[in-house]
Amino acid sequence: MSSVRPILLFVVLAVVAGNNLDAQTAAKLEVKLPLQQKSVRFAVIVDSGTCDHDQYDVAQQMETYRKVVGFDFVIMLGDNIYGGHAPRDFAQKFEIPYKPMLDAGVKFYASLGNHDDPNIERLYKPFNMGGQRYHSFKKGDVQFFALDSDYMDAPQLKWLEDNLRGANARWKICYFHHPLYNDGKMHGADLDLRNQLTPLLKGYGVNAVFSGHEHAYERIKPADGIYYFILGSSGKLARHDFRESQQMAKSYDRDRTFMLVEIAGDNLYFQTISRSGETVDSGELVRQQPAATAQAAGH
């Protein structure tokens, strides 16, 4: 019996030490969100499914912040699974790195990128796509529209218009892989997609757009009353990627990142965090009045 007690004592001390470590870590976190009651809180990742140390570092930092911030869902902006799409790929590139969040009940809502396989990923239940290439869901007073920007055909555009027209949420947020505005040297803006989507985004009062593809972070100054974020560095990184421009509000291309977002009333609070825990951008944005009505846009 005497040989067992030290082991039990060690286990107890290890658990206590672990709990204290969590408390100490939480105390050191620089949380820029107000954490208001009944707010909508979520995280954002994109270009994440690499299965390398960088992805796992970002995932660990996300879980550290989740314990304090309390976000309960994540939007994924595409390139969720790089390379193969066998069951082991989903395990190594999604299920294992985000296991603590999945175990805590956090839901992930995916959109498709150019490295994704739509025939497999849209059917993968933990991505919550409902078997569709594009889909919508509502959280509180926020309606989300996840699009497939890799194949923006006429049926998808009609679906988006019909669903934007019917949405009565205070906030309308679209997210998809390819950015409409972007000052990166690696890919840049998708002008054809911008021409297709901008009339609908303006005409039906979309408030914010999240995209990836460019492997760095950029926040664009509001265009037509819409806030644009590019976050393509949750698993990959393009260093020294940006050109300065008049449309750029903030950029960061020195490390992998994820975002935290909180929406309360007419305010959107955001915090962009590196894998080391550094806050690289944060702020409060006020919901803008739509720049044009659907009628004025010709829809």
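A crossing of two helices is right-handed if the near helix is turned clockwise from the far one by less than a right angle, and left-handed if anticlockwise.

**Entry 1: the model.** I noted that this is a predicted model, in which local features need pLDDT of at least 70 and side-chain atom pairs count only at pLDDT 80 or more, while totals for chains, interfaces and linings use all residues. Residues are numbered from 1 along each chain as its sequence is written, and side-chain values use heavy atoms, without hydrogens and water.

**Entry 2: confidence.** I looked up pLDDT, the predictor's confidence in each residue, from 0 to 100. The chain has a mean of 84, and 80% of its residues reach 70 or more. Where pLDDT is low, the predicted coordinates should not be read in detail.

**Entry 3: two helices.** I took helices (H or I, at least four residues) and strands (E, at least two) as DSSP runs, numbered from the N terminus. The axes of α6 (residues 154-166) and α7 (residues 191-203) come within 10 Å and cross at roughly 15°. Axes are lines fitted to C-alpha atoms, for helices over the stretch in contact, and angles run from 0 to 180 degrees between N-to-C directions. The pair therefore counts as roughly parallel (angles under 35 degrees). I recorded the crossing of α6 past α7 as right-handed. On α6 the contact is made by Leu-157, Leu-160, Glu-161 and Leu-164, and on α7 by Gln-196, Leu-197 and Leu-200.

**Entry 4: the sheet.** I found an open sheet of six strands in the order β3-β2-β1-β11-β12-β13, with mixed pairing; strands pair if DSSP finds at least two bridges between them. Its edge strands are β3 (107-110) and β13 (279-286). Strands β11 (residues 257-264) and β12 (residues 267-274) run antiparallel and are joined by eight bridges. Leu-260 has Gln-271 of β12 as its bridge partner.

Conventions: Angles under 35 degrees count as roughly parallel, over 145 as roughly antiparallel, 65 to 115 as roughly perpendicular and the rest as oblique. Contact means heavy atoms within 4.5 Å.
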